[in-house]
Amino acid sequence: MSLDARRLVLATANQHKLTELTRILAAGRVRVVLASLADFPGAPDVAETGATFAENALVKAHAVAAFTGLLAVADDSGICVDALNGMPGVLSARWSGRHGDDAANLRLLLDQLGDVPDERRGAQFVCAAALVHPDGREQVSVGELRGRLIRDRRGSHGFGYDPIFVPDGDQRTTAEMSPDEKDAISHRGQALGGLALMIAALAD
């Protein structure tokens, strides 16, 4: 099958992630017909029960590939804070107790780090992205972005913990960067960029 005719489904209904993957694939000149779970009524809502980002990405991608019969991409990402021994980690999206409440998650993390001095506020964003074929073959790409956490939110771009994360070598938060600037360095940009290369290779 030619790559132009290849359909790929992103195992999420998160519009932010769909937009981001579309942008990254376009930048890599990877031509696919991209869909999300919103295009597949009845698609399974897969629990993120893995102990690692890669495990969570793979379990979601396998479930969606089996349900749709299409190539499936899933990712799991989060922030790992030095002063919290690597947490929230895989619990980043539900750190406050409710999945996907970005404002509450960010507020709780800031509260927990309130007494932590600036020199100990190191952290890294981590993303594992999985590509699963309908026959069960799988590939994983991982990206990491090291930085530090500031005390007050800055910026209106991005989502999640972006407004308090400043990458090493920069003075801006990832929420103050343009989408293209963020894609060029971000953990998700790295991981999905690696998958874009794998997807492009399928046309060879």
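Helix 1 (15–27) contributes five residues to the lining of the second largest pocket, the most of any element. The model is predicted, so that local features need pLDDT of at least 70 and side-chain atom pairs pLDDT 80 or more, while totals for chains, interfaces and linings use all residues. Residues are numbered from 1 along each chain as its sequence is written, and side-chain values use heavy atoms, without hydrogens and water. Helices (H or I, at least four residues) and strands (E, at least two) are DSSP runs, numbered from the N terminus.

The second largest pocket has a volume of about 170 Å³. A pocket is an open set of points on a 1 Å grid over the protein atoms alone, with protein on both sides within 12 Å along at least five of seven lines; a cavity is a set where a 1.4 Å probe fits but cannot get out, and lining residues have an atom within 4 Å of a point. A volume is the space filled by probe spheres set on the points, which are joined across faces, edges and corners. Helix 4 (179–185) also gives two or more residues to this lining, which includes His157, Gly158 and Phe159.

Strand 3 supplies the largest share, six residues.
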